[in-house]
Amino acid sequence: MTDRATAPATAPTTAPTTALGVPDLSLVVLIGTTGAGKSTFARRHFGATEVVSSDFCRGLVADDENDQSASSDAFDVLHYIAGKRLAAGRLTVVDATNVQTEARRQLVRLAREHDVLPVAIVLDVHESVCAGRNAARPDRADMPAHVIPRQRRELRRSLRSLEREGFRKVHLLRGTEQVDAARVVRERRYNDLRHLTGPFDVVGDVHGCRAELETLLDRLGYALVRDAAGRAVDARHPEGRTAVFVGDLVDRGPDSPGVLRLVMGMVSAGHALCVPGNHENKLGRYLKGRNVRHTHGLAETIEQLEKETEADPDFAARVGEFIDSLVSHYVLDGGALVVCHAGLPEKYHGRTSGRVRAHALYGDTTGETDEFGLPVRYPWAEDYRGRAAVVYGHTPTPRAGWLNNTICLDTGCVFGGSLTALRWPERELVGVPAERVWYEPAKPLASEAPGGHEGRPLALADVHGRRVVETRLAGRVAVREENAAAALEVMSRFAVDPRLLPYLPPTMAPCATSQRADYLEHPAEAFAEYRAAGVARVVCEEKHMGSRATVLVCRDAETAAERFGVRDSGAGAVTGALYTRTGRPFFTGRAVTEEVLARVRAAADGAGLWAELDTDWLLLDAELLPWSLKSAGLLRRQYAAVGAASGAVFPGALGALRAAADRGLPVAGLLARQRERAADAAAFTEAYGRYCRPVADGSLDGVHLAPFQLLAVRGRSLAAVPHGDQLAWLDRLAAADPTGLLRRTGRIAVDTGDEASVAAGTDWWLELTAAGGEGMVVKPADALVRGPDGRLVQPGVKCRGREYLRIVYGPEYTREENLRRLRVRHLGHKRSLALREYALGLEALERLAEGEPLWRVHEAVFAVLALESEPVDPRL
């Protein structure tokens with residue numbers, strides 16, 4: 001079996017008019033004496049950035065393209081640039097004489113290092129033509145006469161050895177006429193099928209289990225086509241889906257010829273694709289007469305083929321041709337899907353070399369053997385960080401599961417397990433059980449193979465240092481190294497299990513500073529801001545005085561295990577998480593968390609949300625009340641201390657001042673000021689006291705959860721659903737909770753262009769805050785909105801009440817002299833931070849909904865936490 005894209009070198013091309021086939025990812029080496037026209041040829045047939053010239057590199061290091069003393073350094077630069085281009089997957093052309101064997105050897109080695117094909121294009125131009133061209137160039141007119149004849153002799157000697165040196169394609173152009181008539185044709189690599197977008201059904205290792213394969217294809221919706229003898233020879237899907245086989249069609253099972261006949265027919269008819277497995281590779285070598293050991297099921301396949309060829313003498317030959325035509329791996333669906341037999345790291349995707357083919361066929365091993373004498377596989381999938389989903393087989397596992405965007409579909413059908421297929425892009429698994437144990441495995445299928453939930457799904461390299469996260473809403477969001485370090489401290493020491501931490505909420509920007517007397521924040525500024533951004537309708541939501549909480553609730557423990565990979569925590573079953581805006585668990589005891597999740601789950605049952613949203617998990621953004629539940633320490637250290645100090649000082653001070661006034665001393669002004677200060681201190685104590693309620697450890701008495709947004713469900717991010725629909729769902733959720741845990745979020749809709757509507761919204765805020773409420777959050781009714789300039793509009797601005805802000809800015813903040821100073825608030829950084837965190841949060845939700853690997857989700861989640869350590873006034 002040989003990749004067609006790595007077939008033996010073609011014979012030198014000598015036709016007068018020649019189409020020069022060049023793989024679209026290759027290292028093209030131009031070979032010819034000085035003056036042969038290599039640079040002109042390169043400019044005519046390749047892009048300017050694709051060509052790396054030795055003359056140009058010589059000029060870079062010596063300011064003189066003809067300074068031969070700088071050649072060594074120039075070629076170091078040339079090889080470096082060419083290597084960087086090849087690593088990035090870009091066709092690269094080397095424009096140099098390359099007539100010396102050592103110069104070409106280094107380039108062939110460079111191509112092999114980057115798993116691309118080296119291609120030679122030889123310009124064999126007569127010596128006199130080269131001499132005339134150099135003479136016409138002022139910078140080369142004094143070139144020694146022996147240079148061209150020497151290069152010419154080296155070129156002639158080279159023509160006999162280019163294929164042996166490793167060039168997989170050699171194009172020879174003799175004379176200026178052939179050079180001028182040549183045209184370069186870029187050839188798509190055989191493994192590059194990005195233009196095929198599916199949908200696909202990727203089928204795991206069949207191993208001769210024909211009956212199970214037919215059953216699986218039937219369940220997938222394929223119609224089998226049978227020949228006159230009733231044998232399946234093709235299968236087509238009425239909706240045009242394409243089957244993709246990951247290899248290991250043969251060996252061990254009862255009917256390898258039947259599997260081959262069916263798959264070969266599907267591939268021939270264009271209904272399927274197939275990559276080779278190591279068992280096909282071994283069978284192919286046997287059919288070519290090579291000496292191979294008849295082990296691991298090959299003996300059974302040989303016996304079955306011998307019986308088959310009695311009725312069909314050409315069958316074995318057709319099998320050999322089929323195996324020889326198979327390509328090691330395919331890149332499909334715009335690069336989003338890679339299918340191979342044994343798995344493939346990202347650096348090998350779309351590449352062509354013996355190393356790539358070997359990894360695709362056999363995988364990588366640690367060099368060790370296990371207790372069963374089998375090689376220990378290197379867990380490459382645990383370190384995989386590629387964007388493409390890699391679907392493979394080879395390593396039998398009890399069940400298929402995703403790990404870092406890779407999945408192993410070999411579920412041991414021939415060993416009595418099942419035959420599994422992955423529907424793409426749906427990411428849905430479909431399987432059929434084996435009819436029986438056809439072959440006893442060398443070791444039991446008792447552990448998770450690569451593709452399970454175990455392993456190392458996260459790595460320090462994913463978050464360490466300066467990071468740039470690509471988001472759909474805000475483009476590239478940068479995270480500074482020092483901020484990443486701060487986030488790592490919190491995430492690694494205090495956060496919940498990262499598998500249960502798919503989202504962190506963004507910070508929220510306050511409304512613009514009000515210039516109204518006695519107010520630092522007022523709804524008028526919030527409504528005006530949205531009106532200026534073209535947002536006609538907003539929703540004002542009650543701002544609960546609690547702690548921001550994210551709730552991940554699964555329908556049952558099985559869902560938590562299957563979707564999020566968490567099982568029994570040691571303290572009972574795990575069905576989700578309840579955590580703070582920095583990822584910390586709210587409750588130290590798992591039992592209390594599970595009780596909260598159980599009540600939310602029961603309410604979702606009662607509201608019918610599981611069925612309506614077609615999901616088995618919910619992700620909610622909420623407030624957990626009372627505020628003192630999480631902030632008791634802050635209350636004691638910062639707020640209660642102020643209240644206690646004022647309560648201890650002011651009565652005595654006021655008493656002394658009153659006594660002094662009674663004695664006729666001129667202290668009336670001082671007494672009035674101290675009475676004002678005492679009143680402010682009392683108002684401060686009353687303000688924070690509203691949000692303090694004692695809650696017994698391990699009890700939910702007096703605890704409330706107020707959800708205000710349904711963020712995501714299985715397969716969908718709901719963050720862009722209009723807030724009216726969101727709140728309708730959550731009203732039903734709260735109404736279906738008989739325990740009183742869930743609290744409804746009050747709201748009022750406002751038309752920002754209607755003065756009466758704006759006045760009604762303002763009055764609602766005044767009533768809310770007068771009754772002790774914290775304030776409100778004003779949000780665009782359509783949730784996700786862009787302004788006339790195309791930029792994101794703030795997803796929400798908070799407008800806090802006058803008395804609540806006393807807690808934030810201090811007891812005496814309402815005095816005019818203090819308000820005048822506080823109105824100079826610098827909100828730009830806070831607003832920028834809010835938008836960046838919002839974009840990152842929604843990016844995490846999209847990645848979660850699309851089933852991307854945990855490290856990809858956490859890339860955005862971690863960035864939110866990192867941005868939280870940026871220096872911003874904490875009062876904003």
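Modeller: Gladly. Let's start with glutamate 676, which is partly exposed with a relative accessible area of 46%. Please keep in mind that this is a predicted model.

Colleague: Why is glutamate 676 called partly exposed?

Modeller: Buried means under 20% relative accessible area and exposed means over 50%. Glutamate 676 has 46%, so it is partly exposed. Its place is in helix H21, residues 668-689. The C-alpha atom of glutamate 676 is separated by 9.8 Å from that of arginine 815, although the two are 139 residues apart along the chain.

Colleague: What makes arginine 186 and glutamate 50 a salt bridge?

Modeller: A salt bridge needs a side-chain nitrogen of Lys or Arg within 4 Å of a carboxyl oxygen of Asp or Glu. The closest N and O atoms of arginine 186 and glutamate 50 are 2.7 Å apart, and the two form a salt bridge. The pair links distant parts of the chain, 136 residues apart: arginine 186 is in strand E7, and glutamate 50 is in the loop between helix H1 and strand E3.

Colleague: Is glutamate 50 buried or exposed?

Modeller: Glutamate 50 is buried, because its relative accessible area is 14% and the cut-off for buried is under 20%. Arginine 186, at 40%, is partly exposed.

Colleague: How do you know that arginine 226 and glutamate 214 meet in a salt bridge?

Modeller: The N to O distance between their side chains is 2.9 Å, and the limit is 4 Å. Arginine 226 belongs to strand E10 and glutamate 214 to helix H9, twelve residues apart. Glutamate 214 counts as buried at 10% relative accessibility, while arginine 226 is partly exposed at 42%.

Colleague: Which residue forms a salt bridge with glutamate 426?

Modeller: That is arginine 241, with the closest N and O atoms 2.9 Å apart. The two are 185 residues apart, glutamate 426 in the loop between strands E21 and E22 and arginine 241 in the loop between strands E11 and E12. Arginine 241 counts as buried, because its relative accessibility is 4%. Glutamate 426 is partly exposed at 40%.

Colleague: How many salt bridges does the structure hold?

Modeller: The structure holds 64 salt bridges. A network of salt bridges links Arg472, Glu843, Arg847, Glu850, Glu852, Arg856 and Glu859.

Colleague: Why do the buried residues of H23 line one face of the helix?

Modeller: Seen down the axis of H23, the buried residues fall within an arc of 155°, so they line one face. Among them are Val758, Trp764, Trp765 and Leu768. The face turned away from the buried side carries the exposed residues Glu755, Ala756, Glu767 and Ala770. H23 has 16 residues and reaches 22 Å from its first C-alpha to its last, close to the 22 Å expected.

Colleague: Which residues make the nonpolar surface patch of about 280 Å²?

Modeller: Phe56, Leu60 and Val61 make that patch. Leucine 60 sits in helix H2, residues 54-62. Patch residues need over 30% relative accessible area. Leucine 60 counts as partly exposed because its relative accessibility is 49%.

Colleague: And how far apart do the C-alpha centres of domain 1 and domain 3 lie?

Modeller: Those centres lie 48 Å apart. The domain assignment gives domain 1 as 18-187, and domain 3 as 463-510 + 825-875.

Notes. Residues numbered from 1 in each chain as written. Predicted model: local features only at pLDDT ≥ 70, side-chain atom pairs only at ≥ 80, totals over all residues. Heavy atoms only, no water. Domains from an automatic or database assignment. Patch = residues over 30% accessible without salt bridge, like charges linked within 9 Å, V, L, I, M, F, W, Y side chains within 5 Å. Areas by Shrake-Rupley, 256 points an atom, 1.4 Å probe, with all protein chains shown as cover. Helix = DSSP H or I, 4+ residues; strand = E, 2+ residues; numbered from the N terminus. Buried < 20%, exposed > 50% of the residue type's maximum accessible area, 1.4 Å probe, protein only. Expected span 1.5 Å × (residues − 1). Arc of directions from axis to C-beta.
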